Amino acid sequence: MKTASNDPRSSRSAAERSRAVQPSDDPKSRLGAVYTPAFLADWAATLLMERLARGQGVVLDPACGDGALLAAVMARSSQQPVVGVDCDGAALRDAAIQLGNVTLHPADGLRFLAEVARGERPERF
């Protein structure tokens, strides 16, 4: 049984513990943005490309952020169409710089996917 004397968290005051869980002042954190690390984007892109015939279909990232996953897909196949969606305009600007001439949509990713499913978006977005 843990007691205050052998629980490592007990050495911190309640105020210190409270500050540790406060939201960051970073704008990305305030939006709830969590950016995909390069190693994870590379792994996901490898899996996608193994399962998708190159040039067939579209890789759509509904929360593309700065475009890490789309960049990793494009690095594996310049013929693979990619589309990015994000509600954060600053993130889309970063993605546009990183990715070049790709289709990017400033929108809520889940709503965008629902519109695609209902046929309210062009087939190739």
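Helices α3 and α4 are oblique to each other, a class left for angles that are not under 35 degrees (roughly parallel), over 145 (roughly antiparallel) or 65 to 115 (roughly perpendicular). Their axes cross at roughly 50° and come within 8 Å, with α3 spanning residues 38-51 and α4 residues 68-76. Axes are lines fitted to C-alpha atoms, for helices over the stretch in contact, and angles between N-to-C directions run from 0 to 180 degrees. Helices (H or I, at least four residues) and strands (E, at least two) are DSSP runs, numbered from the N terminus.

This is a predicted model, in which local features need pLDDT of at least 70 and side-chain atom pairs count only at pLDDT 80 or more, while totals for chains, interfaces and linings use all residues. Residues are numbered from 1 along each chain as its sequence is written, and side-chain values use heavy atoms, without hydrogens and water.

On the α3 side, the residues that meet α4 include Ala 41, Ala 45, Leu 48 and Met 49; on the α4 side, Leu 69, Val 73 and Arg 76 are among them. Contact means heavy atoms within 4.5 Å. By class, this contact has nine nonpolar, one polar and two charged residues.

The sheet is open and has three strands in the order β1-β2-β3, with parallel pairing. Its edge strands are β1 (59-61) and β3 (103-106). From one strand to the next, the twist averages 15°. Three bridges join β1 to β2 (residues 82-86); pairing requires at least two bridges found by DSSP. Asp 61 has Gly 84 in β2 as its bridge partner. Helix α4 lies across β1 and β2, at about 175° to β2.

Confidence is given by pLDDT, from 0 to 100 for each residue. The chain mean is 78, but pLDDT stays under 50 over residues 1-24. Where pLDDT is low, predicted coordinates should not be read in detail.

How values were computed. Ala, Val, Leu, Ile, Met, Phe, Trp, Tyr, Cys and Pro count as nonpolar, Asp, Glu, Lys and Arg as charged, and the others, Gly among them, as polar. pLDDT is the predictor's confidence in each residue, from 0 to 100.
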